[in-house]
Amino acid sequence: MNTAPAEDHPPSCRDLVGILAQSDRRAAYAALALGATSVAEVADLAKLRPPAAAAALRKLTDGRIAAYDSEKHTYRLLDDTFRLAVQAEVKISGRGDGDGAGSYFRRGRLTSIPGNAEVRRRVLAVVTDSFEPGVAYSEAKVNALCGEWLDDWVSLRRALVDEGLLNRNRSGTAYERV
């Protein structure tokens with residue numbers, strides 16, 4: 001099966017809350033927000049021991065909340081992480097009604113294709129954004145893109161076609177976003 005790393009997608013709101021649920025990580029985040037850029041500065045501002053500060057910074061970078069510059073040996077917050085997570089959440093769940101589509105995503109990937117037609121359509125609309133309008137995709141490329149979302153990329157590709165979100169040419173060799 002085709003699997004893609006979660007790094008291809010921004011972390012979800014759930015992922016971000018999980019990362020920041022631990023107090024050392026919140027303290028390290030606050031220190032970065034106040035201008036700290038090194039482990040020593042984070043440890044000092046956050047009142048953490050250096051090993052605890054380093055571990056917290058590692059979790060923040062693994063979770064794509066912060067980035068490490070290996071040339072300068074400095075850390076910085078990633079400005080778009082929370083904005084992208086909230087945008088994805090709004091797109092998945094709607095602004096206020098919470099239609100349940102969000103429960104089908106975990107770590108930027110689909111867990112399954114919903115059975116409920118309305119929720120399925122909303123979930124598949126998120127996946128459809130992986131395809132540029134007006135671009136013809138080979139079957140292999142469609143399979144690869146679908147595999148980034150779900151291990152069962154065949155079912156996902158079929159659902160996108162069945163829902164009318166992707167058109168397949170007569171020979172079945174090329175697909176295009178509707």
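What percentage of the 178 residues of the chain count as buried? And in what order do the strands of the open sheet stand, with what sense of pairing?

Reply: The model is a predicted one, so local features are reported at pLDDT of at least 70 and side-chain atom pairs only at pLDDT 80 or more, whereas totals for chains, interfaces and linings use all residues. Residues are numbered from 1 along each chain as its sequence is written, and side-chain values rest on heavy atoms, with hydrogens and water left out.

Of the 178 residues of the chain, 36% count as buried, buried meaning under 20% relative accessible area, with exposed over 50% and partly exposed in between (1.4 Å probe, protein chains only). The accessible surface amounts to about 10100 Å², and carbon and sulfur atoms contribute 50% of that area (Shrake-Rupley method, 1.4 Å probe; for residues, only the protein chains shown count as cover). The chain holds 8 helices and 7 strands, taken as DSSP runs numbered from the N terminus (helices H or I, at least four residues; strands E, at least two). Among contacts (heavy atoms within 4.5 Å) with a separation of 6 or more, 55% join residues 24 or more positions apart.

The sheet is the part to consider closely. Its 3 strands follow the order S5-S7-S6, and the sheet is open with antiparallel pairing; strands pair if DSSP finds at least two bridges between them. Strand S5 (136-138) and strand S6 (166-168) lie at the edges with a single partner strand each, so one side of each has no neighbour in the sheet. On average, neighbouring strands are turned by 35 degrees against each other, direction ignored.

The two pairings can be followed in turn. S5 and S7 are antiparallel over 3 bridges, and Tyr-137 stands opposite Tyr-175 in S7. S6 and strand S7 (residues 174-177) likewise pair in the antiparallel sense over 3 bridges, with Arg-177 in S7 as the bridge partner of Leu-166. Helix H7 packs on this sheet and touches S5, S6 and S7, its direction making about 85 degrees with that of S5 (axes are lines fitted to C-alpha atoms, for helices over the stretch in contact, and angles run from 0 to 180 degrees between N-to-C directions). In the hairpin of S6 and S7, 5 residues separate the strands, and one of its residues, Gly-172, takes a positive phi near 75 degrees.
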